[in-house]
Amino acid sequence: PADDAGTISLVFAQDRQPDDDSTDALLQQLNTLLEDPQTLEQAHELLRKALAADGVESSPHYPALLYHQCTYYENTGNMEQAKQLLQQLLPMLPYSGLPELDICVPQDLGMLCRREGKTDSTLYYYDRALQAALVQDD
């Protein structure tokens with residue numbers, strides 16, 4: 001099962017490629033769990049296990065896991081934790097190999113800055129997301 005710690009360690013091993021089917025399946029399971037308020041804690045437990053897996057920080061999937069952790073924080077109202085983690089993700093983006101994060105991370109930061117009334121930061125992050133989207137033709 002996807003929530004078995006041994007399976008998670010294998011899925012997020014350093015040598016797995018970003019398009020690996022088992023990793024895609026686990027990340028999709030996380031997406032599904034994070035969308036439903038009734039399964040947020042199940043998602044959090046899966047994230048906790050994945051982020052504790054040996055070698056996960058060297059995995060090409062590490063930025064995606066951190067982004068899912070941000071989504072968990074946002075969905076549970078922990079906006080400051082989400083913002084801090086998104087800011088930690090920014091330097092990883094050009095190297096992540098996950099182009100969707102190049103758009104989503106600054107977009108989410110822009111949204112959080114907008115909620116705080118920080119207009120300059122909001123515009124900066126939204127522009128960064130727009131530039132990433134234009135590069136990808138999205």
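In this predicted model, helix α4 passes helix α5 in a left-handed crossing, and the two helices pack at an angle of about 160° with their axes 8 Å apart. Because angles over 145 degrees count as roughly antiparallel, α4 and α5 are described as roughly antiparallel to each other. The protein that holds this pair has eight helices and zero strands, so that, read along the sequence, its pattern is α-α-α-α-α-α-α-α.

**The contact of α4 with α5**

- On the α4 side, the contact is made by Pro-63, Leu-66, Tyr-67, Gln-69, Cys-70, Tyr-73 and Glu-74, and these meet Met-79, Gln-81, Ala-82, Leu-85, Leu-86 and Leu-89 of α5.
- Sorted by class, the residues of this contact between α4 and α5 comprise 10 nonpolar, two polar and one charged.
- Leu-86, which lies in helix α5 (residues 79-89), has a relative accessible area of 0% and is therefore classed as buried.
- When residues up to four places away in sequence are not counted, Leu-86 touches Tyr-67, Cys-70 and Glu-74, and also Val-105, Asp-108, Leu-109 and Leu-112.
- Leu-86 can also be placed relative to Cys-104, which is 18 residues away in sequence and, from C-alpha to C-alpha, 9.6 Å away in space.

**The contact of α3 with α4**

- Helix α3 (residues 40-51) and α4 have axes that come within 10 Å and cross at roughly 150°, which makes α3 roughly antiparallel to α4.
- The crossing of α3 and α4 is left-handed, and the residues that make the contact are Leu-40, Glu-41, His-44, Leu-47, Ala-50 and Leu-51 from α3, together with Tyr-62, Leu-65, Leu-66, His-68, Gln-69, Tyr-72 and Asn-75 from α4.
- By class, the contact of α3 with α4 is made up of eight nonpolar, four polar and one charged residues.
- Leu-47, a residue of helix α3, is counted as buried because its relative accessibility is 0%.
- Apart from residues up to four places away in sequence, Leu-47 touches Leu-30, Leu-65, His-68, Gln-69 and Tyr-72.
- Although Leu-47 and Gln-69 are 22 residues apart in sequence, their C-alpha atoms are 6.8 Å apart in space.

**Gln-69 in α4**

- Gln-69 belongs to helix α4 (residues 62-75), and it is listed both among the residues that meet α5 and among those that make the contact of α3 with α4.
- With a relative accessibility of 6%, Gln-69 counts as buried, since the cut-off for that class is under 20% relative accessible area.
- Leaving aside neighbours within four places in sequence, Gln-69 is in contact with His-44, Leu-47, Leu-51 and Leu-85.

**The contact of α7 with α8**

- The axes of helix α7 (residues 99-115) and helix α8 (residues 119-136) come within 8 Å of each other and cross at roughly 160°, which makes α7 roughly antiparallel to α8.
- The crossing in which α7 passes α8 is left-handed.
- From α7, the residues in contact are Pro-99, Glu-100, Asp-102, Ile-103, Pro-106, Gln-107, Leu-109, Gly-110, Met-111, Cys-113 and Arg-114, and they meet Ser-121, Thr-122, Tyr-125, Tyr-126, Arg-128, Ala-129, Ala-132, Ala-133 and Gln-136 in α8.
- By class, this contact of α7 with α8 has 11 nonpolar, five polar and four charged residues.
- Gln-131 is also found in helix α8, where a relative accessibility of 38% means that Gln-131 counts as partly exposed.
- Between Gln-131 and Ile-103, which are 28 residues apart along the chain, the separation of the C-alpha atoms is 8.3 Å.

**The protein as a whole**

- Of the 138 residues in the protein, 42% are buried.
- The accessible surface of the protein comes to about 7,600 Å², and 50% of that area belongs to carbon and sulfur atoms.
- Among the contacts in the protein with a separation of 6 or more, 52% are accounted for by residues 24 or more positions apart.

Technical notes: Residues are numbered from 1 along each chain as its sequence is written. This is a predicted model: local features need pLDDT of at least 70, side-chain atom pairs count only at pLDDT 80 or more; totals for chains, interfaces and linings use all residues. Side-chain values use heavy atoms; hydrogens and water are left out. Axes are lines fitted to C-alpha atoms, for helices over the stretch in contact, and angles run from 0 to 180 degrees between N-to-C directions. Helices (H or I, at least four residues) and strands (E, at least two) are DSSP runs, numbered from the N terminus. Angles under 35 degrees count as roughly parallel, over 145 as roughly antiparallel, 65 to 115 as roughly perpendicular and the rest as oblique. A crossing is left-handed if the near helix is turned anticlockwise from the far one by less than a right angle, and right-handed if clockwise. Contact means heavy atoms within 4.5 Å. Ala, Val, Leu, Ile, Met, Phe, Trp, Tyr, Cys and Pro count as nonpolar, Asp, Glu, Lys and Arg as charged, and the others, Gly among them, as polar. Buried means under 20% relative accessible area, exposed over 50%, partly exposed in between (1.4 Å probe, protein chains only). Accessible areas come from the Shrake-Rupley method with a 1.4 Å probe; for residues, only the protein chains shown count as cover.
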